[in-house]
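Dear colleague,

I am passing on the structure below, together with some notes on what was found in it. Please read the notes with the coordinates open beside you.

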Amino acid sequence: MSRPTLLTGWGRTAPTAATVVRPRTVAEAAEALDRAGPRGVVPRGLGRSYGDAAQDAGGLVLDCTGLTGPLRFDPEREEVTAPAGTPLRRLMAHLLPYGRFLPVVPGTGHVTLGGAIAADVHGKNHHVDSSIGAHVRSLTLLTPRGEVLELGPDYGDTALFWATVGGMGLTGVITSARLAVHTVETAHLRVDTDRTGDLDSTLELMERTDHAYRYTVCWVDLLARGAATGRGVLTRAHHARLTDLPAPLRREPLRHRPGAPLSAPPWAPTGLLNRATVGTFNTAYYHAAPRRRRGRAHPLGGFFHPLDRVRGWNRIYGAHGFVQYQFVVPFGAEDTLRHVVEGLSRAGAPSFLAVLKRMGEPTPGPLSFPRPGWTLALDLPAASPGLARLLRGFDERVLAAGGRLYLAKDSRADAATVHAMYPELASWRRVRERVDPDGVLVSDLARRLRLV
Amino acid sequence: MRDSLGTVRSVLLLGGRSEIGLAIVELLVREGAREVVLAARGGVEETPAALTVSGAKIHSLEFDAEATATHTDTVDAAVDLVGDLDVVVDAFGVLGEQDAYDRDPGTAARAAAVNYTAHVSVDLAVAARLREQGHGALVVLSSVAGVRVRRANFVYGSAKAGLDAFAQGLADSLHGSGARVLVVRPGYVPTRMSAHVDPAPFPATPDQVADSVARGLRSGATTVWAPRVLRPLFTGMRLLPRPLWRRLGR
């Protein structure tokens, strides 16, 4: 075995050492699982979980990005079958020429299909289309005992299928999946943009108009204070039809131009993102947005993945990294949302990527995050003073409101709180124990939150 | 497991009655640690009040610094109690009096063994465990007394000098393993252990040392001085000519 490698999540906090192997085939993955020692093994994709979900201190990490191969698009059944290591951005680029699009696209295209299912990721269309698990027709799961199981929502071991959707890689290694896709006429969206003056008007506008759009998301300025607390820029969109496009774009309506990514500087000083710099950025961003604009055609890539234009943007938080805090609270718990937004605004915690979204129908995955309600996701530099206490206070409010934290984002919650937020944890464990009785699959996240 | 904001779950204190060690543990518990092992000879019967009310689970463990052959078992026993060791605080030691050491060389050698060789064996056992688990921090209580050894306490100072050098080497050997060592160099800290020595300039309370340690653990430092001013001060001290140092260092 090779020397251990230090791994972190996308937030670049709390590195731990593990032996990394990169299987190219299912057989190689099975062999690696077999070699796992007492510290266990966990699959890893492109490392976009913010916290410690794809780390296994002292153990083995299966880098699944090598599990690639041909993508099979079936126009009759409106579905695509792909190896689990396929990045979603590649799937997207593959499907667009056929006039098809992924059912769910998270905030970055740099995630593997396997990782997306293991975190049951959601996108800007969650209020209409639910999360990715709702569109998985089947998946292949390699279990720690070397079995290769074909699982679906309506056949085979359905309990294991749903334990795997959102199961954070702790039920086995997903090696391929079959995903439903939908038809699009163009590679563009028709976007409506509105600026809102405060949190109440943000919530009111979203509540009133959300159902009329396929995609909605609101960027919230968490540093605005006083009367402007919770002001935001709301974007809502539909897939553009051919007739929505200006004439020059109609010639090649499905042409997808992801654009060459820029690179973030390799190093940034700790504290570059502070109250002053982020506050200035947020104010500028807010005022740069149109007060009200309708029907603007916007390329898919830029709408879904603006940050993918900057490779390694996570480095601008400096050596101490950052944490992402994402929670969902049921509709009716707007007070909790208000408490968090006001708390962050008061604390002056410098967050410039705060995103508010309404969620719809959940999947049956016991560890799947989405629940109907409001979800807020925000980034904060890990070195912010008093952050641990501030977030712990929010945890309590979120829990009391019947809400929960997103495991793919978490890097700091405590086990008891998360257990209370996921009441189906016990039933998930029972399914897991069936396929992994020896507890081979384990991650830093699983240890920290005592999931297994 | 240390989380992204530096909160740890488990702490092992070697020298379970050390005032500085307990101050560090208390601070880590205030910040969220849930499991504590206090290791000392005969175990630690009386848990300090600050820890009892914390809600953290406090375990007592037999640890005999002089029985170096048992140290690996001690570390294993701590792992059996709490699982992965997130932070290990190595804080045991004896100060003694130079005059007494001068009169009884045997006692001096025994004190030197407790202050140096005992740490070698237990810290190596800890390091092996941290390397295996792929994460964790070992906090080693060194002292400015070992930075430049004074005639007034050179038995103690020389052992601390050895320990400090050992801990730095250990830190380098753990580089890249996910585990790390934090060397702490306090100055004069008024405690039971130091009650018999004259106060020195720039004293620090155990709580201040604990604050420095917590800061060091958060920032990823390899060395912390408590108080911070001792670092530039001792950089100068090291450069003093011997005749002058001899007179100063009574």
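**Where the chains meet**

In this model, which is predicted, 16 residues of chain B are in contact with 22 residues of chain A. On the side of chain B that touches chain A, the residues divide by class into two nonpolar, nine polar and five charged.

**The domains of chain A**

Turning to chain A, the domain assignment gives domain 1, covering residues 68-184, and domain 2, covering residues 188-414. The centres of domain 1 and domain 2 of chain A, taken over C-alpha atoms, are separated by 24 Å, and the contact takes 29 residues from domain 1 and 29 residues from domain 2 of chain A. On the side of domain 1 that touches domain 2, at least two residues each are supplied by helix 2 (88-95), helix 4 (126-129) and helix 5 (158-164) of chain A, and among these helix 4 gives the most, with three residues. Sorted by class, that side of domain 1 of chain A has 12 nonpolar, 14 polar and three charged residues.

**A helix pair in chain A**

Helix 10 (residues 334-347) and helix 11 (residues 387-400) of chain A have axes 10 Å apart and pack at an angle of about 170°. Because an angle over 145 degrees counts as roughly antiparallel, helix 10 and helix 11 of chain A are described as roughly antiparallel to each other. Helix 10 of chain A brings A:T336, A:H339, A:V340, A:G343 and A:A347 to the contact, while helix 11 of chain A brings A:L390, A:F394, A:R397 and A:V398. The residues of this contact between helix 10 and helix 11 of chain A divide into five nonpolar, three polar and one charged.

**Two helix pairs in chain B**

In chain B, the axes of helix 3 (residues 71-82) and helix 5 (residues 105-133) come within 8 Å and cross at roughly 45°, which makes helix 3 of chain B oblique to helix 5 of chain B. The crossing of helix 3 and helix 5 of chain B is right-handed. From helix 3 of chain B, the residues B:H71, B:T72, B:T74, B:V75 and B:V79 meet B:S121, B:V122, B:A125, B:V126 and B:R129 in helix 5 of chain B, and by class this contact has five nonpolar, four polar and one charged residues.

Helix 1 (residues 19-30) and helix 7 (residues 206-219) of chain B pack with their axes 8 Å apart, at an angle of about 55°, and that makes helix 1 of chain B oblique to helix 7 of chain B. Helix 1 of chain B passes helix 7 of chain B in a right-handed crossing. The contact is made by B:E19, B:I20, B:A23, B:I24 and B:L27 of helix 1 of chain B, and by B:P206, B:D207, B:V209, B:A210, B:D211, B:V213 and B:A214 of helix 7 of chain B. By class, the contact of helix 1 with helix 7 of chain B has nine nonpolar, no polar and three charged residues.

Lastly, A:R12 lies in the loop between strand 1 (5-7) and strand 2 (16-21) of chain A. With 18 other C-beta atoms within 10 Å, A:R12 is partly exposed. Leaving aside residues up to four places away in sequence, A:R12 touches A:N314 and A:G321. A:R12 and A:A382 are 370 residues apart in sequence, and their C-alpha atoms are 9.4 Å apart in space.

With best wishes

How values were computed:
Residues numbered from 1 in each chain as written. Chains lettered and ligands numbered in written order. Predicted model: local features only at pLDDT ≥ 70, side-chain atom pairs only at ≥ 80, totals over all residues. Helix = DSSP H or I, 4+ residues; strand = E, 2+ residues; numbered from the N terminus. Buried ≥ 20, exposed ≤ 12 C-beta atoms within 10 Å, placed from the backbone. Contact = placed C-beta atoms within 7 Å. Axes fitted to C-alpha atoms, helices over the stretch in contact; angles between N-to-C directions. Parallel < 35°, antiparallel > 145°, perpendicular 65-115°, else oblique. Left-handed = near helix turned anticlockwise from the far one by under 90°. Nonpolar A, V, L, I, M, F, W, Y, C, P; charged D, E, K, R; others polar. Domains from an automatic or database assignment.
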